[in-house]
Amino acid sequence: MNSTNDATAVTERIQQQRERTMRSPRWGRKLGRYRPSGRIVGTILAGTMLLLTACNQLLDVPPNPKTVPGTELTDPNSLDARMTGAEADFWFAYDMAIVYGGLFTDELVDGTGLTAVDQRRVQPDNGLIGSTDEAPEGIDGLWTPMQRSAATSKSAEVDIGAGSYADRIPDPGNSDAEARMALFAGYSRLILGELFCTTAFDGTGPEYSSAETYQLAADHFTVAIQASNASSDVVYAATVGRARAELQMGDDAKAKADASNVPLDFALIGDVYSTNSEKENNDIWNMLTLSQRFSVGPPFRGLVIDNTSTPDPRVDVFQDPNDQYAIDGSTPLYQSAKYLKADSPIRLASGYEAAYIVAEIDGGQTAVNLINQIRQAQGISQQFSSTNEDSIQAKVRDERRRTLFLEGQRMGDLRRYKARYGLDLFPTGPNFGTETCFPLPNAERDNNPGI
Amino acid sequence: MRVRRSPWSAFTASAAVALAALLCAAPARAQQGTLQGTVSDQTGAAVASASVRVVGSEKGAIVDAQGHYTLQLAPGTYRVAAQALGYRRVVKSVTIEAGQAQTLDFLLQVSAVQLDEVVASVTAGQTSRREVGTDIATIDASKQVEEGAVTNFSQLLHARATNVTVTETSGAVGAGSRIRVRGINTLTGSNNPLLIIDGVRVDNETGLLGINRGQTFSRFNDINPQDIKSIEVVKGPSATALYGSEASPGVIIITTKSGSSEKTGMKATIGTEQGFMRDVTSYPTNYADVTPYVSGANDSKLSQWPVATNSTTGQVFVTDNPLMDASTRPFRTGQQAGFFGNLRGGSDNFSYYTSARFDDDQGVLPSNYSHKLDFRANFQGRPSDILTEDVSAGYTSSKTNLPKSGNNTSGYAANGFAGRPFSSLGTGGECLATVLAGTASSFCDKNGNVRAGFDKIKPILSLDNVERFTISSITTLTPVSWMVNTAKVGADITNETFQDAIPYDPDIPFSFAAGGQNFLTTPQTRTYTADLSTRLSYKLRDDLRAQTSGGAQYFQHRISTVSCQGYVFPNDKATACDAAVTGLGFSDFTEKVEIGAYLQQRFSYNDYLFVTGALRVDDNSSLGSQQGAIWSPSANASFVVSDLPSWKVDFINELRLRAAWGEATQAPPQYAADRTYVTSALHGSTAGLSPQDPGNTNLGPERDKEFEAGFNAGLWDSRVGLDFTYYDRTSNDAIVPRSVAPSTGFPNVQYVNLGQIKNHGFEASLDAQLLQRDNLAWTARLQWSTTHSKVTELGLSTPIFLGFSQVIAQGYAPGAYISRVITSAARDANGNIIPSSIQYSAGDLGDGSGRVVVGQPTPTNTESFQTTVTLLGRLTLSTLFDREAGHQVYSTEIAGRNPNNLGGINSSFGDMWAYRQTQSTPVQQAMMEQNQLLGDHAGVFIYDANFIKWRELTLSYQVPTFLTHKLGASSARLYGGARNLATITKFPGVDPEANQNGARDNLRVVEGNTFPAPLTFYGGLTLTF
């Protein structure tokens, strides 16, 4: 009979085989050296079953070691890192915000091709301004880093205030921790309000006008000021911040009251930058000295005190004879001695600023006295005097711009001068636009369901 | 009496019995008979690569060098088939008696139709092409390596499989190419096809390292093309559904050579190949506007420089072309030297193939070189006729230095195309800017930035050291004729050290690198595979056979990287990161695991109608936590119409119709689903947490469905083979990166399954044996394919912009080019554009920018033509042309050479700018000027990129045996050829294939700042003993 592969023949053969097997226990040897053990085949099948059932364990891979999973953040042990992170978010956004504000105004000029900002014609679809984050190899963004600070500081402030860390912070409403977070929540909003025409927060709308933004900032500052256990630095910085917001809103009485509460010698200085990584570098130093993308603008070069030939130490701007041009090879490069190193600190708030606020509001002899007091504290011997109100106000503006050079104040100042006094000091030139603020970026408008 | 059973109960009974048999017993062995014979071709020569197989069974044998085979079979009647690559299959019937020997010889005809060759399959055992309903492209690698001008894997793959596009994005030796199969199918995932070598998955990364633009490293090119026996490309989801959750972009399967079962002795082959390369491209001239500094074109200040003038505007220019001027031209004659040898042989139970190859290539740019050493050892043991063990091991050690190029101020291109004539030295050795200004100028000092002498670029390193070891072990067990089991395990281990360094040089012209800098990265990549499969073949009825296959697979891919950056060194000798003033260290790790199992059922009716259904289940570590396992079904049918008894059409001797459908998946990138925070620090001393990725717990895989149909035909006795396929695929749940509002605090995108991409097209190839005489053989192969890709749904409120010139938008090809388009403009008498005359085209992308789609970077159709003529059986002439069309490319080297300011000292610009009024139309001039001012008008620099390239020309001579015997050799081959012979294109940039993004796995295509493949001539000799 011809054997075929059909089932019958197979069954028959197997039957015969089984009989033979049962007769001879040493079937393996009988059938040749390389016959497969049924055990091998059985093991393969069993192994396959095991593989499939052990699926889930096999798919466990180590998490990305460069990041921390989101679930870790609610752990009480993460409080310190969260607060440090929120503060770091602010400082690393702040230095670049100062650069952008300076570029838009007359503090800095462009030497790298960022003509849209320099020439005041930023479009809402400008990716660098709107959606770029920290970019260690290139130029950091503006909106995204500062918004991160606004979000993390506020969420930390709210969580602390709600008692999420009750074990460590028993009286959250009066705690220094909450005040600290509120301080940065306020400043990030204040700076965004000064730079942008309109803003939005928290991933939801609405679109806030600058005035509304200043009010939001002031509200956060109020939380910090009212915390009885807050450190004096935090309270004074919040007071200066609130005074600045109130001045911008036109609430002169409140601004003067707050500013008068700040001692002249107060200063909150962010000594937070380091050479550890490019992200932690002082961006003002980076943009002017390291990558040489921007240069100090003409109105801030070669400044002297009044009519003397004494260089103004507050605006120590220089040109390196061996390094005369910015990265584009043609723009003359002027650097600032205020930020000479990668870890140079940046001043956020000071008694000087508060004094200038009072001087601007009061004018007259009060302003002259304050100007001279500040000069004395700064080691400048020349004194100023005048009785002409216009000259006095002009001097207040001039002193303010010199003392607070590259501290993120110029943009807010120029906007206020134009809006309140009709004084347009924004830089002009061929191809310049007429904007006085950065537009709300499309990156926010398009992705925020509340706008 | 035979009991009739219905096929289904027979099937279940067979299955049950088979299982029982497995677990309990070993197969019966009645006394067997012997079948033996010879397989030869029409000239009487043995067909050494032939295999003889019992139809419907796993039993078979490979013939030896004399064409003999032997099989032990149980008594019975069988249909036995003999087949070999390049020949028509022949099937004969034979009856075997117990204890007796039967002789069965086969005569094979050369055939252009590959209907019965063995094709790759995920299932165990051998599958022939006729059984599979999908189109699998096969490349006979040994033949192509001999006939073609091929030095690496990418060149071997190029233009030899329909709809597999291999773009050589730069001409540097050691650089990789971008490989795409059937267009773009994913926006965020990898479009690189999977790479499988001898049954195990291997690393297929391209473009991971380095900041060079146009040239990148590619792991595809590590393998020595001479070690490859065949390459198969599995193209669409209807076929890749069985290959797992990463196989959507296609699968390239490489089988390396094995030994022969020669009973005595071994065959040794040695050879050498030498070549040289020349850059023959014309590079554009640079112009500097010196009008404000001179009184006219004849000003004495300009006496040392070539001068040009624009008569319309009266502008005076100094020109230079550092890449073409003999005194500054950096190019040298490149050289290729290769030495190789292999040893193969075997005996009844054992065969081996070992090879070694050394390559020393010097590119046309002075710092470009590549040294490569390849070893391979493949062994096959056949301890019994039911057990086969294949071990394949390959080792590559390579060292490649790519020339600094790309959009780098420290690269050859930026200092050549965009070099500033202001920094050029005149015939008297003076610097132009100094002469014009009358005083020292920064353009002439070491900080002149975008212009450095090429000698300053040469020492810059972009050096990649690779040590790669791939090993695979395939154990095949055929305990009974109706069952084959395969176990595959393998590992691919790559240790790489990449160094990106600008050495210390007191006169360094790049101020950002003063003091030198050295970046070192050491990625260690591991890819592990474990694969078990089994296949049962059985008969349901006399005319109906079936096969059931099943298997399980496990893959693991890991990359662990430690790197450092060192800045400011004391001299150029101390280069370790430790020796730097500032040293920074980094580390990174990523791991991905995939497991899967499949079941496939195939029915074959009379060996001419095949119907297959399969189901695969996968799970992947990169899926969101809410996602479960992924199911991928597929089905196909293949009908060899010409085998029907009623087939009477004479001139069509083979016709196979096929259709297939399948759903494959593409897993998301690892970690894409996680919400993450990263470290920030205050004063470099306290650690903080900062939000990074918003994450998406619902992130699932992309589901790629495809329907494919076509036919394979042999006409006029298979002298002409015709293949045709139509495919239509849709990628659903395509992962798109959705921006979240920055005010949420998360700066990064969220990956969501919202998109849909459709691809469809035709693929056709024609293989013809135009002449087949004793003295003259002439074959030709024509390939044609079309690909239409479109993002049919994006799911986002705004398009995704890639840079400023490309977009991913609904209704357009992925990565489409965009620009505002000026439709009309007018010039005044001075050649200036009248602003009020500018008119724009209507339309918008939906973002209010006024930009519209103006083109796409991927070709819509590709064709290739290859022809080979063999004279007197000895002298072979072969050539390859290919064409790509339907696409455009943005040329940044034309766009990038424009003035920084519209007046004053500035960087160089090109013809279009210098002669705006005469070389450009008013519309082009208006576009260029508006682009300069506002951006968004990149369209003026986007050109049609259609091209025809004459890629290869080879001449080879098989030395007559009487001469080779004098050397003691059994055969010898002399050959020579050329590569990149000519390009026909209207594209005005340097080369339509050069891509500033190199082989990087992304959608960006920007031409510029990259040097194209040079003209190469080579010759070689191989001797076989």
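**Entry 1: confidence**

Over residues 1-28 of chain B, pLDDT stays under 50. For that stretch the model has 33 contacts beyond four places in sequence. I wrote myself a reminder: where pLDDT is low, the predicted coordinates should not be read in detail.

I then followed the pairing inside chain B. Strand 34 covers residues 676-682. Seven bridges join strand 34 of chain B to strand 35 of chain B. I picked out one pair here: B:Leu682 has B:Thr686 as its bridge partner.

**Entry 3**

How many residues does the hairpin between strand 22 and strand 23 of chain B pass through? I found three residues. Across this pair, B:Phe340 stands opposite B:Arg357.

I moved on to strand 24 of chain B, residues 369-384. It runs antiparallel to strand 23 of chain B, with 13 bridges between them. The hairpin from strand 23 to strand 24 of chain B goes through six residues. On this side I marked B:Asp359, which stands opposite B:Lys372.

**Entry 2: a four-stranded sheet in chain B**

I looked up another open sheet in chain B. Its four strands come in the order 3-2-5-6, with antiparallel pairing. Strand 3 (60-62) and strand 6 (90-96) of chain B are the edge strands. Each has a single partner strand, so one side of each has no neighbour in the sheet. From one strand to the next, the twist averages 20°.

Strand 2 (residues 51-54) and strand 5 (residues 76-83) of chain B are joined by four bridges. B:Val54 has its bridge partner in strand 5 of chain B, namely B:Val80.

How many bridges join strand 29 to strand 30 of chain B? I read 24 bridges, between residues 544-567 and residues 582-605. The two strands run antiparallel. One of the pairs is B:Ala546 with B:Phe603.

Strand 30 of chain B also runs antiparallel to strand 31 of chain B, residues 609-620, with 12 bridges. I noted B:Tyr605 and B:Leu609 as bridge partners. The hairpin of these strands has three residues between them, and in it B:Asn606 takes a positive phi near 50°.

**Entry 3: helices of chain A**

I finished with helix packing. Two packed helices are described by the angle between their axes and the distance between the axes.

Helix 14 (residues 351-362) and helix 16 (residues 389-403) of chain A pack at about 165°, with axes 10 Å apart. An angle over 145 counts as roughly antiparallel, so helix 14 and helix 16 of chain A are roughly antiparallel. Their crossing is left-handed. The contact includes A:Tyr352 and A:Tyr356 of helix 14, and A:Val396 and A:Arg400 of helix 16. Its residues divide into five nonpolar, two polar and four charged.

Helix 16 also packs with helix 17 of chain A, residues 410-421. I read about 165° and axes 11 Å apart. These two helices of chain A are therefore roughly antiparallel to each other. Helix 16 of chain A passes helix 17 of chain A in a left-handed crossing. In this contact, A:Arg397, A:Arg400 and A:Arg401 come from helix 16. From helix 17 come A:Arg410, A:Asp413, A:Arg416 and A:Tyr417. By class I noted one nonpolar, no polar and six charged residues.

Notes
Residues are numbered from 1 along each chain as its sequence is written. Chains are lettered from A and ligands numbered from 1 in the order in which they are written. This is a predicted model: local features need pLDDT of at least 70, side-chain atom pairs count only at pLDDT 80 or more; totals for chains, interfaces and linings use all residues. Side-chain values use heavy atoms; hydrogens and water are left out. Two strands pair if DSSP finds at least two bridges between them. Axes are lines fitted to C-alpha atoms, for helices over the stretch in contact, and angles run from 0 to 180 degrees between N-to-C directions. Angles under 35 degrees count as roughly parallel, over 145 as roughly antiparallel, 65 to 115 as roughly perpendicular and the rest as oblique. A crossing is left-handed if the near helix is turned anticlockwise from the far one by less than a right angle, and right-handed if clockwise. Contact means heavy atoms within 4.5 Å. Ala, Val, Leu, Ile, Met, Phe, Trp, Tyr, Cys and Pro count as nonpolar, Asp, Glu, Lys and Arg as charged, and the others, Gly among them, as polar. pLDDT is the predictor's confidence in each residue, from 0 to 100.
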